[in-house]
Amino acid sequence: MIAQRLQSLRQQIGELAAQSGRNADDIRLIAVSKTRPLPDVEQAIAAGQIDFGENTVQDAMAKIPFVNNKTIQWHFIGHLQSKKARAIPGNFQWIHSIDSLKLAGKLSTAMQNAEAAQPLNALIQVNVSGETSKSGLSPQQIESFVEQVLQADYPLIAWRGLMTIGVKADASATRKVFAGLRELQQRIQQQFSLPQFDQLSMGMSGDYAEAIAEGATMIRIGTAIFGPR
Ligand SMILES: *Cc1c(COP(=O)(O)O)cnc(C)c1O
């Protein structure tokens, strides 16, 4: 089942990319394995899946140490309390959900204390739609946030782009939110001369088509791979 769903998803990503004149290789499929047991992750790996997303440390640690495969990339996509920053080095290669200066600072310290060999790839979570239920910084806060983290000059944090969670709305409202994230990412990339700030993490099982049309470089898919939670 998982292998079949992955295969048809990859095919769809290819078609959607072609429709937008994009290269499918520029769209990273992240299999969101939160709440799923280790055997589900192993099935996906056997089907060629490389990137996995988790949204709590506890759930992730029931899987990450048991996957003995150095090519697998783990992405932290949930809200992270800064006191749990220590769980990231050595376990996750990416974090999509940085939403405070305090968390950025704690992650930097944790990476240095762990003497990490590779920097942590970091995305800033943006609440584009302004819904109060969502975490993330407002679009207006991003410029000053980036200015401050660049000033802090964290040696083991690589600032790679922006992440957002879409709205539950029609396709055109959804696209507007994703287009807003893309415009913000491009503006920040230029303004601060950050060529590596090139990632847009947006799109889930219900709205990845709109996200790909608006330039997503990472889509985070759970249900469409593993079935309903
Ligand atoms: C759960 C989750 C997803 C995946 O959601 P699906 O609708 O199951 O594809 C993506 N991103 C975040 C941040 C999540 O928490």
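Student: Which share of the contacts between residues at least 6 apart in sequence joins residues at least 24 apart?
Tutor: In this predicted model, 58% of those contacts join residues at least 24 apart in sequence.

Student: OK, and how many helices and strands are there?
Tutor: The protein chain has 8 helices and 8 strands.

Student: What about the radius of gyration, what does it agree with?
Tutor: The chain comes out at 17 Å, and a compact globule with 229 residues would be near 17 Å, so the two agree. Along the principal axes, the C-alpha atoms fill a box of roughly 45 × 40 × 30 Å.

Student: How much of the chain is buried?
Tutor: Buried residues are 51% of the 229.

Student: Then which residues touch the most other members in the largest nonpolar core?
Tutor: That core holds 66 residues, and L107 and W159 touch the most other members. Helix α1, residues 2-19, gives the most to this core, with 6 residues.

Student: What does L107 touch, leaving out residues up to four places away?
Tutor: L107 touches L80, A85, I88, I95, I98, L120 and I157. Apart from that core there is another one of 5 residues, including I30, W94, M163 and M218.

Student: Switching topic: where is I212?
Tutor: I212 is in helix α7, which covers residues 208-213.

Student: Is I212 buried or exposed, and why?
Tutor: I212 is buried, because its relative accessible area is 0%, and the cut-off for buried is under 20%.

Student: And what is I212 in contact with, beyond its neighbours within four places?
Tutor: Its contacts there are I13, L16, A17, S20, R22, I27 and I219. A114 is another story: the C-alpha atoms of I212 and A114 are separated by 36 Å, and the two are 98 residues apart along the chain.

Student: Now the backbone. What is phi of E115?
Tutor: Phi of E115 is near 50 degrees, which is a positive value in a residue other than glycine. E115 is in the loop between α4 (101-113) and β5 (120-125).

Student: Is E115 buried or exposed?
Tutor: E115 counts as exposed, because its relative accessibility is 69% and exposed means over 50%.

Student: What about S193, what is its phi?
Tutor: S193 has a positive phi of about 50 degrees, and it isn't a glycine. S193 lies in the loop between α6 (171-191) and β7 (199-201), and it is exposed, with a relative accessible area of 59%.

Student: Last one: how many positive and negative side chains?
Tutor: There are 22 positive and 20 negative side chains, and the centres of the two sets lie 6 Å apart.

Notes
Residues are numbered from 1 along each chain as its sequence is written. This is a predicted model: local features need pLDDT of at least 70, side-chain atom pairs count only at pLDDT 80 or more; totals for chains, interfaces and linings use all residues. Side-chain values use heavy atoms; hydrogens and water are left out. A nonpolar core is a set of buried Ala, Val, Leu, Ile, Met, Phe, Trp, Tyr and Cys residues joined through side-chain atoms within 4.5 Å. Buried means under 20% relative accessible area, exposed over 50%, partly exposed in between (1.4 Å probe, protein chains only). Helices (H or I, at least four residues) and strands (E, at least two) are DSSP runs, numbered from the N terminus. Contact means heavy atoms within 4.5 Å. The radius of gyration is taken over C-alpha atoms; the globule rule is 2.2 Å times the number of residues to the power 0.38. Lys and Arg count as positive and Asp and Glu as negative; His and the chain ends are not counted. The place of a charge is taken as NZ of Lys, CZ of Arg, CG of Asp or CD of Glu.
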